[in-house]
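Hi,

Here is the structure I promised to pass on.

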Amino acid sequence: MKKVLLASVAAVVGMGVSSAAFADIVIATAGPMTGQYASFGAQMKAGAEQAVEDINAAGGINGEMLVLEVGDDACDPKQAVAVANQMVGKNVALVAGHFCSGSSIPASQVYAEEGIIQISPASTNPKFTDERPGPGVFRVCGRDDQQGQVAGAFLAKNFADKNIAVIHDKTAYGKGLADETKKYMNEAGKKETLYEAYTAGEKDYTALVSKLKSENIGVLYVGGYHTEAGLIKRQMAEQGMDTILVSGDALVTDEYWSITGDVGSGTLMTFSPDPRKNEIAAPVVKALEAAGRTAEGYSLYTYAAIQAWADAVRAAGSTDYDAVTEKLNDGEFATVLGSLSFDDKGDVTLPGYVFYEWKDGNYDYLK
């Protein structure tokens, strides 16, 4: 029977701490702090900073304070490995990261070899845990096969009479999600009209959009990130297409709407149940907003990753890798995401994916 380890969040949120000089435990978050996906890095940084402030304001962990390092991998696999090695040099005990699966997977090899616990708030590719290089690798988000199952079944059921195209950006995340969605959609009896790859980072998708138009595509599933999805959606509208764009959790940033404007209305996406709506998360959301930090997307997932690790350290009585890993593998943790634990692979046991709709500049549950 799992021991319930209660996270100390709440009563102290909002209290500032300037105790870096007294910090004894170094932790890190790592993700795209620069580049086209920097909005997600900002989410992770916001959640990590808030978690460190709240934990330190409550007295730290086992009498020791936390200090936060921030690593920028720009969602580049080689840069992610370099960041991981930098964190080894800084003697970090935890990395709450990375964001892109293509970064988390190679970085996890470094962390496993060096005895650093890694908890990703956002990397969804199944290989991250299916090919886990060590017992100290975890994630607090779901997996692409879970997300793809929900999306594929939804597409087959709701758009049986429309031509559906599935496209991806060739990344570990984007292709993985597109392929899982396609697989489950096909299993549910719906065959895609078009399956294509596109190149991330481009600005002009006229050729792709023209091909979609010629095939009379009514629904476009995008395995990729908000920047390209937003441009494709906008350029479809410019060619007179009212195609519904459907995608995954990489659209959970206000930047998507900044790119599309009003033509983004009606865009659908899958994401886990919105943690901002959890009652237990309310004081943290309030503290984030009061500090001018974002609470959207993966902010609270990063916060929860640090929460779970902190409680495991308290239970272990130290930051020893083996002892903390054992507590993470065996424990149950009360977090801003709800009560969570990890399975034998390091995957989180939380409710799965649901659909959201973009409308009037915001996303909310699909009615």
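Is the crossing of H11 and H12 left-handed or right-handed? In this predicted model, H11 and H12 cross in a right-handed way. H11 covers residues 299–316 and H12 covers residues 321–330. Their axes are 8 Å apart, and the two helices pack at an angle of about 115°.

On the H11 side, the contact is made by Ala-308, Trp-309, Ala-312, Val-313, Ala-315 and Ala-316. H12 brings Ala-323, Val-324, Lys-327 and Leu-328 to it. Sorted by class, that contact has nine nonpolar residues, one charged and no polar ones.

Two of those names come back when you look at the core. The largest nonpolar core has 95 residues, and Trp-309 and Leu-328 are the ones with the most contacts inside it. H11 gives the most to this core, with 11 residues. There is also a second, separate core of 11 residues, which includes Ala-28, Val-83, Met-87 and Ala-107.

So what does Leu-328 touch, leaving aside neighbours within four places in sequence? From H11, Leu-328 meets Ala-308, Trp-309 and Ala-312.

Next, a residue in a strand. Leu-220 sits in S9 (residues 219–223). With a relative accessible area of 0%, Leu-220 counts as buried, because the cut-off for that is under 20%. Setting aside residues up to four places away in sequence, Leu-220 touches Ala-165, Ile-167, Leu-212, Ile-232, Met-236, Thr-243, Ile-244, Leu-245 and Val-246. Tyr-195 is 25 residues from Leu-220 in sequence, and their C-alpha atoms are 10.0 Å apart.

The last one is in a loop. Ser-123 lies between strand S5 (117–120) and helix H4 (127–130). Ser-123 is buried as well, again with a relative accessible area of 0%. Which backbone oxygen lies 3.5 Å from a polar atom of the Ser-123 side chain? That oxygen belongs to Cys-100. Cys-100 is also among the residues in contact with Ser-123 once neighbours within four places in sequence are left out.

Cheers

Note on methods
Residues are numbered from 1 along each chain as its sequence is written. This is a predicted model: local features need pLDDT of at least 70, side-chain atom pairs count only at pLDDT 80 or more; totals for chains, interfaces and linings use all residues. Side-chain values use heavy atoms; hydrogens and water are left out. Axes are lines fitted to C-alpha atoms, for helices over the stretch in contact, and angles run from 0 to 180 degrees between N-to-C directions. Helices (H or I, at least four residues) and strands (E, at least two) are DSSP runs, numbered from the N terminus. A crossing is left-handed if the near helix is turned anticlockwise from the far one by less than a right angle, and right-handed if clockwise. Contact means heavy atoms within 4.5 Å. Ala, Val, Leu, Ile, Met, Phe, Trp, Tyr, Cys and Pro count as nonpolar, Asp, Glu, Lys and Arg as charged, and the others, Gly among them, as polar. Buried means under 20% relative accessible area, exposed over 50%, partly exposed in between (1.4 Å probe, protein chains only). A polar contact is a pair of N or O atoms within 3.5 Å; within protein, one must be able to donate a hydrogen and the other to accept it, and residues adjacent in sequence count only if both atoms are side-chain atoms. A nonpolar core is a set of buried Ala, Val, Leu, Ile, Met, Phe, Trp, Tyr and Cys residues joined through side-chain atoms within 4.5 Å.
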